[in-house]
Amino acid sequence: MKTQNSHHNIASEPSEWPDSILNGTEMARRIYEHDWSTTSIGAINTWPQSLRVLVKTILSCSLPMSIVWGPDYVPIYNDAYIPIAGATHPGRLGRPTQENWSEIWEDILKPIIQKVQTTGKAIVLEDKFFPLCRFGFIEEVYGIASYSPLFDDHGKISGILHVITETTSKVLGERRLGLLQELSRRTSEGRSVKEACQIVSDILKKDPKDIPFALIYKLDSEKKHARLVATSNIPFNTSLSPTVIDLSQSDAQNAWPINQVMASGIQQLDDFEARFGILSGNPWPEPVQKALILPIVSQTHPALLGFLIAGISPRLQLDEHYREFLSSLTTQIATAISNAQAYEEELRSKMLTEARFKRIFESNMIGITFANYINGEIIDANDAFLKMIGYSREELDSQKISWKAITPSEYLPINEIALQELLANGISNPYEKQYIHKDGHPIDVMLGLAVLEPEKQTAVAFVLDISKRKKLEREKQETLDWERGKRKILESLSKTMDLSDILHMGAQQIGRCFDVDRCMVYLYNKTLSDQSHQRLLGSFYGQYVRSPDLLPVAMEDIPLNLLNKLILHKDSRFPSVIQKFSSPADFPDFYLEYAQKYQVQSVLALEITYQDIAYGILVLHQCSSSRAWEDKEIEQLQDIATYLGVAFYQADLFQKELEARIEAELANQKKSEFLTTVTHELRTPLSSIIGYSEMLEGEYGGPLSEKQTKYTHNILSSSQHLLSLVDDLLDVASMDTGNITISPTIVDLAPIIEDLKTAFTKMASDKQVSLQFEIAPGLAQIYSDPMRFKQILYHLISNGIKFNHKGGRVDIHLSITQDHQWLICQIHDTGIGIPQGKISELFKPFSRLDTSYARRTEGTGLGLVLTKYLIERQGGHIIMESQEGVGSTFTFYLPMKSLYNSTSSKIAG
């Protein structure tokens, strides 16, 4: 026999969860199968209409969404929210939010939820820190989260809508990029390897969240010893920070396996605590569990310089991005060491002979110039520098190149600072600037200066082309800016299902994100055909205008033939682009009048589509100047147009679903009212027929012949059977309208069983079916509505007899679970049974199996529907097991908690 915990998925009527939803998402299936009757929000069929609509709405959304409902804030979430839940999915479904997010409940979630419920206003948090426990440890998590009030059918705030976009990777990326940029700026200040590494250490101390501790070891020239040159958040000469590691010894004899790193590369230590004991994961309270040892390799030539030992944050996973950050860090340290060595070498170079210096000058590994540091005249330069700026040696010899002339004006103040440092110290720290190439494009360089001849005001400059690195940095920043802008657009679109709001907010956010003078989002008229590009624009749209001096485009001012002609200008590389003009010179003749009226200098228009359906047009105007639309911008706008299409699709779907729901509810209500009226009308004549038949059978009007007695008995039996069918119809109607009364109480079981035995004696005898009741010892009372309990058993037992064979059996067994919480009623018959795939149909109204045996039996197919409903209304559930040709077993559970709470002393005795 299966326990009640294995059969809690029959929690709602199947008609409320169509296959299109159940087959669509994981969470639709999990929500459907969950036993919600054990939660504070109750079984699904008791949920308010508002909650059901909200649940189905979030299931179709692609953004991570969660609804918390009821006094325990029970969560219901969609598929996109599963990564937010992490390894705690699916166990958190249906559990109170206080239990699911216990680590942030008191400090974060509880104040937010209470404020939303008190004020009725939504709360939006930007890159909020959430210390979550999703994978077995407290994790450093950030996200953009919104908390909005949800109203039940009575207008009361009964829940919160939680929409979140995790931004952990973005926050960590910005934090780490800032550290690397500061390293890039400052490590050049080191005059020696030790000083450069100390600068690195000072910067690392600012980011203990990523690096709880760090050790920098420098390898000696003979590669026999590694010496500690700098530490971060760890003192020198401790068990984990020895000042010298002897590489002639085995790794087992040393604190760190440096030899293994030299042989195989990066090494990860997962036994940190076993090696060194507990070390705080500063600034987190959890101890460090892992460390990474990374080789520091020179970037100018493949040479091992030393090692970085970095503690791993106890609140972060050591994923690919974490490793890339630490790898970039070692690259910066290698650069710092290399720069310091270069500086030391530069100092020593002053003592080199002229011939030796000439060899360095002609090596062309780096750009070198000799210049007057006062007037900027370049006296000499090597080929590497001339190639870098695009000038010939003839142009240099004819004094056509000036240091100041090839420097953009915005960098002249930086040159002035370097000059003052040069005059004061004889050398300037390397700094970044730009040169202007002969063809006009800028070149990013890193420059270091040293006085060569003070009396002649001559300085030598070492110039490194860093254009590739700066380009990568700019691209990363542009990507961050784009992601931030896209996130704002998505947030705006996710806050509403209203088409007018989507149009307005979309135009506003896109216009600002792409820095245009005018942005318009038009919606096609859905009632007209879109064949042959004869579509018309809808009657409303959203528009953004940057300046009040610009004239907004009026809907009536857009000629229909203009739209049709523009569609013919689609870009073959970007099919969604229907219009791309970078300047008035590109405008076709038919467009000039419109462009002049609205001051259009450049225009870009894309069709908004989703799932091959065109919803409208996105138009951008540049009015203050011309603008060349870059491919990258168009690709980004295509993404945005797709998001708009999704928003239009979801808003349209949401509206259709609401209308369908209202229509279905009205139809169902009318059906129930009709059934109630008809059954009440049928009962009156049936009651009269039954009454007069009973009088005739009792011979109140005189003796009856044998044939009259038989006919009278048949009339009475048929009328009573018809009345039971009418009563079933009345109960179904009451069930649909929620008018069935359930009044559970503590009742004695014995009288009920005796009544059932009496009621079924003749029926069982006529069918030659053995009827056996078995009641567990000590089970004398139950907690149920006595009339409804008898009605449940009546339906199940009568089915067992009705669909049985001659000589068959119907066994009724009643018991309770070991914890005394549930009554278990099991009705087993040796009848015809049914195929496994047909079981679910038995619980549908008016459903009867299409078998010759079933067709020969009486009934409306309502008995099991009522039985299931009456059981669930009392907090229980029913299951069925059957084998065709062998028999069936119905098992239902009813709660006994109230009985045992009120009679605990009696039960204990």
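**Notebook: two helix pairs and one histidine**

I looked up where H23 and H25 touch: Arg-788, Gln-791, Ile-792, His-795, Leu-796 and Asn-799 of H23 meet Gly-863, Leu-864, Leu-866, Thr-867, Leu-870 and Ile-871 of H25. I note that this is a predicted model. By type, I find 6 nonpolar, 5 polar and 1 charged residue in the contact of H23 with H25.

Next I checked the geometry of this pair. H23 covers residues 786-802 and H25 covers residues 863-873. I read an angle of about 145° between them, with the axes 9 Å apart. The crossing of H23 and H25 is left-handed.

I then turned to H7 (residues 168-186) and H8 (residues 193-204). Their packing angle is about 155°, and their axes lie 10 Å apart. Angles over 145 degrees count as roughly antiparallel, so I log H7 and H8 as roughly antiparallel to each other. I find a right-handed crossing for H7 and H8. From H7, the contact takes in Leu-179, Glu-182, Leu-183 and Arg-186. From H8, I list Ile-199, Val-200, Ile-203 and Leu-204. The residues of this H7 and H8 contact split into 6 nonpolar, no polar and 2 charged.

Last entry: His-621. I located His-621 in strand S21, which spans residues 613-622. Is His-621 buried or exposed? Its relative accessibility is 1%, so I count His-621 as buried. Leaving out residues up to four places away in sequence, I find that His-621 touches Val-516, Asp-517, Arg-518, Met-520, Val-553, Tyr-591, Tyr-594, Val-600, Ser-602 and Val-603.

Terms used. Residues numbered from 1 in each chain as written. Predicted model: local features only at pLDDT ≥ 70, side-chain atom pairs only at ≥ 80, totals over all residues. Heavy atoms only, no water. Axes fitted to C-alpha atoms, helices over the stretch in contact; angles between N-to-C directions. Helix = DSSP H or I, 4+ residues; strand = E, 2+ residues; numbered from the N terminus. Parallel < 35°, antiparallel > 145°, perpendicular 65-115°, else oblique. Left-handed = near helix turned anticlockwise from the far one by under 90°. Contact = heavy atoms within 4.5 Å. Nonpolar A, V, L, I, M, F, W, Y, C, P; charged D, E, K, R; others polar. Buried < 20%, exposed > 50% of the residue type's maximum accessible area, 1.4 Å probe, protein only.
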